[in-house]
Amino acid sequence: MKKWILVLCCALLAGPAAAQIQRSYHYGVVPTENITTFEVNPSLTTIDDSAGISSSQVTLKTYRVINPRYNWGVEVPLARYESPEKSVSGLGDALVSMSWLNPQSDGEFGYGVKMEMFVPTATDKRLGTGKLQASPSVFILRKFFDGAYAALGYKYYISVVGDHARDDINMGRVRLNVGYTSPNEWWVLTNLYYYMDYEHSGLAEFIPEVEVGTLVNDGTAFYANASTHGSGNWKTKDWSISIGFKLLYL
């Protein structure tokens, strides 16, 4: 019964594209892996538990391979914001991106760069920033024994144009990613995020995150992750959880 439910979900989500799935065990988890995917990602974030403020969204994501080194991506969030004063639902800010990746030519090291643009498509001010944002990032990766790796990256967020009544965005993020992908078709990874708000000097936040995932079959993967406010004088959330269902069109 469970098998048929998964097959039905694949058919509804992928449609004709499911025919493109090929037998492979590339997970698309390691940052230097360039793989075409379609993903459905529901998430829940408790912004302030004591005040009853939270947000939830279902994000539709696709990343398409151009060639072994380049890909482009689009993410569209369907969001809901809840508070005692008002709750709203609608479209959040969309994201478009372009990446250049250099896999481990010597089997140990790799690196990449990425440019993201956050587009102010939100249908309510509570669901987005009201700003067009540019977000360049860079990372380096080191592989250890088979399947284990660590990656260190930096991402910068800057608002370009948008609603003058909304706060400008000028912040950075350092990310340490330590992970393991098993030959037995599962993975586990830890992300350590450190955010710095340059617009308000001195504000910073540390957020740890853990993710586990597995291949459901040769062309589909499922994962779950959880994160929380770890420390810092800047607090964007109490905690969040997320699951994801990913189709791999290799």
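**Exercise 1.** Starting from Leu141, find which residue is its bridge partner in E8, and trace how E7 pairs with its neighbours.

*Solution.* In E8, Leu141 has Ala151 as its bridge partner, where strands (E, at least two residues) are DSSP runs numbered from the N terminus. This is a predicted model, in which local features need pLDDT of at least 70 and side-chain atom pairs count only at pLDDT 80 or more, while totals for chains, interfaces and linings use all residues. Residues are numbered from 1 along each chain as its sequence is written, and side-chain values use heavy atoms, with hydrogens and water left out.

Next, E7 and E8 pair in the antiparallel sense over 11 bridges, pairing being assigned if DSSP finds at least two bridges between two strands. These strands form a hairpin with 4 residues between them, and Gly147 in the turn has a positive phi of about 90 degrees. Finally, strand E6 (residues 109-119) pairs with E7 in the antiparallel sense over 10 bridges, and Gly110 has Leu141 as its bridge partner in E7.

**Exercise 2.** Determine whether Thr46 is buried or exposed, and list its contacts beyond four places in sequence.

*Solution.* Thr46 lies in strand E1 (residues 37-48). With a relative accessible area of 6%, Thr46 is buried, since buried means under 20% and exposed over 50%, with partly exposed in between (1.4 Å probe, protein chains only). Leaving aside neighbours within four places in sequence, Thr46 is in contact with Ile53, Ser54, Lys237, Asp238 and Trp239, contact meaning heavy atoms within 4.5 Å.
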